[in-house]
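Student: Walk me through this protein. Keep it quick.

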Amino acid sequence: MRRTVRLRLSLLYGGLFLMAGAALVALIYLLVLYSPFPGPPSAPVAPGGLDQPVPSLRVEQKDNLRRLLVNSLIALAVMAFVAMLLGWFTAGRVLRPLGEMTATVRRITADRLDRRLAASGPDDELKGLADTFDALLDRLEKAFTAQRRFVANASHELRTPLTLQRAMAEVALADPQADAAALRTVLERVVAASKHQERLIEALLVLARSQQGLDQRQPLDLASITGWALDQYGNSGLRVESALRPAPASGDRTLIERLVTNLLDNASRYNVPDGWIAVETAVRAGRSTLRISNSGPVILPDRVHLLMQPFQRLESGRKTGGDGLGLGLSIAQAIVEAHHGTLEGRPRPEGGLEVTVTLQHPDGPGTATPGDRVPAE
């Protein structure tokens, strides 16, 4: 027989009742045998003036005790069987929601994550378990949907340059009059498309690495990394303002460098002619903070969260340095999450975006000195 939870609960109920009943029978037997209450009346006075108990009373008393013990044990066995039956039906009624949950979970597959337990009834532990499982299914469904969308978008982004390269090569091969200059032009365009693919694959690898978390951490300073990224930034025709104060943190330096570079590239790419970029690093409320603001087109508040998803681009903007991959902010978001930080994007009313990255200070909250604190705008 399969040892189900219902069977174990029934045996547990019956066993507990049996032990309690056995203790009760033993207690009753001892109380009757050594009763502290007045016993039976004394035997009649025998000739000679001596009180001598009649021997038959002792025999009758022993028979009564034996009969009481046997009847109690029989009653205990019957009640133990009844207790097990009641425990069996009670456990079945209590565990019935678990059976329904099990049947529903068995029907849930990777392609049918829309099913929910939707448990009803009192707000007890079973309903709490069902609600927790439903919340888990919600997160899984969102993750699977995002993964499918990401794979579809990545496939499209990789297929487009491949199709372009093939078309250019076929056109060049189909022209028997093509000279060296024409072939050179085709090869240059093929090389440019290959570079785009290489950048895309590298970005996808960085995104995958960031989502896996960190293997090790090392001390770093957001101010020094941001200063290095600004030195590598070059001349883009935009006015760059920086206020870099020490902002110590810990993490993967390579990923943090990629984070700052992506945010600067995004601020430059989606800007306006003669625009500006403002960069700040500081310690606020005991946490190391990087803030990058930029001028640019007006962004609707309900569009900001979409920019954090892969392959999402703005329709307008300066877009310097060629078309973007649509992975900059999503990679930045993944890097920040890998460092257990927060990334918040806020559209500026006059146009542009303000992105604030917050990382844990190595010494914990509340360790910033007043000189390191920068009031929030």
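Tutor: One definition comes before the rest: helices (H or I, at least four residues) and strands (E, at least two) are DSSP runs, numbered from the N terminus. The model is predicted: local features need pLDDT of at least 70, side-chain atom pairs count only at pLDDT 80 or more, and totals for chains, interfaces and linings use all residues. Residues are numbered from 1 along each chain as its sequence is written, and side-chain values use heavy atoms, with hydrogens and water left out.

Student: Where is V78, and is V78 buried, partly exposed or exposed?

Tutor: V78 sits in helix α2. Buried means under 20% relative accessible area, exposed over 50%, partly exposed in between (1.4 Å probe, protein chains only). V78 has 47% relative accessibility, so V78 is partly exposed.

Student: Is A338 buried or exposed?

Tutor: A338 belongs to helix α8 (residues 328-338). Its C-alpha is 8.9 Å from that of G251, though 87 residues separate A338 and G251 in sequence. The relative accessible area of A338 is 8%, so A338 is buried.

Student: Why is strand β5 largely enclosed by the rest of the structure?

Tutor: Look at strand β5 (residues 287-294). It is largely enclosed because its buried residues number seven of the eight.

Student: Which residue of β7 is the bridge partner of I292?

Tutor: Two strands pair if DSSP finds at least two bridges between them. β5 pairs with strand β7 (residues 353-360) in the antiparallel sense, over eight bridges. The partner of I292 in β7 is V355.

Student: Which residue takes a positive phi in the hairpin of β4 and β5?

Tutor: Strand β4 (residues 276-284) and β5 are antiparallel, with eight bridges. A282 stands opposite T289 of β5. Two residues lie between the strands, and the residue with a positive phi near 55° is A285.
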